[in-house]
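Visitor: I would like to learn how to read a fold, feature by feature. Please show me on a real case.

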Amino acid sequence: MQQPSVGVSVDPLKGRIRDADIRRIAGELPNWQLVAKKLDMRYQVIEDIETNHRARADQRMSFLRKWIEKNGAAATYERLIVALKSLGQQGEAERIERICKQGQKPLLQPPLPPPQPPLPPSQ
């Protein structure tokens, strides 16, 4: 089995949706019920979300949390974006892609140790 080489970057879109991005993504889902159906969420779950959360913003956040909870590592940015595109919601898909990429922090190299003072000449 071949090991991945060091320094290979992983596509952030294939990663699980980060908790820190849920609120921003929810704001990009005005038609969350269509997206939920496209992502195979059961009708009863959608109905429960609508009943238990009056505010649309709360409904969208609840949908995302339930979808992530149910799908775990499979609840990726890419999967959500593909669903949006298949529904003709290209603009929303592009904004979620930007959210994903903005959340990626560049890997920083550790600082170099301070230089060592020269050794005194030996006598």
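Predicted model: local features only at pLDDT ≥ 70, side-chain atom pairs only at ≥ 80, totals over all residues.

Visitor: Start with the whole chain. How many helices and strands does the protein chain have?

Guide: Six helices and zero strands. Along the sequence the pattern reads α-α-α-α-α-α.

Visitor: What share of the residues is buried?

Guide: Buried means under 20% relative accessible area. In this protein chain, 32% of the 123 residues are buried. The accessible surface comes to about 9000 Å². Carbon and sulfur atoms hold 55% of that surface.

Visitor: Which contacts join residues at least 24 apart, and what is their share?

Guide: Take the contacts between residues at least 6 apart in sequence. Of these, 70% join residues at least 24 apart.

Visitor: What do the buried residues of α5 pack against?

Guide: Four helices: α1 (22–26), α2 (32–38), α4 (56–71) and α6 (90–102).

Visitor: And what follows α5?

Guide: G88 does, with a positive phi near 80°. Q89 also sits in the loop between α5 and α6.

Visitor: Is Q89 buried or exposed?

Guide: Compare its relative accessible area with the 20% cut-off. Q89 has 6%, so this residue is buried. Setting aside neighbours within four places in sequence, Q89 is in contact with N31, L34, V35 and L84. Recall L84: that residue is one of the buried set of α5.

Visitor: How does one describe a pair of helices?

Guide: Two packed helices are described by the angle between their axes and the distance between those axes. Here, take α3 (residues 43–52) and α4. They pack at about 145°, with axes 9 Å apart. The crossing of α3 past α4 is right-handed.

Visitor: Which residues of α3 and α4 meet?

Guide: From α3 come V45, I49 and E50. From α4 come Q59, S62, F63 and K66. By class, this contact has three nonpolar, two polar and two charged residues.

Visitor: What is M41 in contact with?

Guide: Leave aside neighbours within four places in sequence. The contacts of M41 are then A36, I46, I49, F63, K66 and W67. I49, F63 and K66 also take part in the meeting of α3 with α4. For C-alpha separation, pair M41 with K70: they are 29 residues apart along the chain, and 9.3 Å separates their C-alpha atoms.

Visitor: One last residue. Where is R24, and how far is its C-alpha atom from that of I96?

Guide: R24 lies in helix α1. Beyond neighbours within four places in sequence, R24 is in contact with I99 and Q102.

Visitor: What is the relative accessible area of R24?

Guide: R24 has 40%, so this residue is partly exposed.

How values were computed:
Residues numbered from 1 in each chain as written. Heavy atoms only, no water. Helix = DSSP H or I, 4+ residues; strand = E, 2+ residues; numbered from the N terminus. Buried < 20%, exposed > 50% of the residue type's maximum accessible area, 1.4 Å probe, protein only. Contact = heavy atoms within 4.5 Å. Areas by Shrake-Rupley, 256 points an atom, 1.4 Å probe, with all protein chains shown as cover. Axes fitted to C-alpha atoms, helices over the stretch in contact; angles between N-to-C directions. Left-handed = near helix turned anticlockwise from the far one by under 90°. Nonpolar A, V, L, I, M, F, W, Y, C, P; charged D, E, K, R; others polar.
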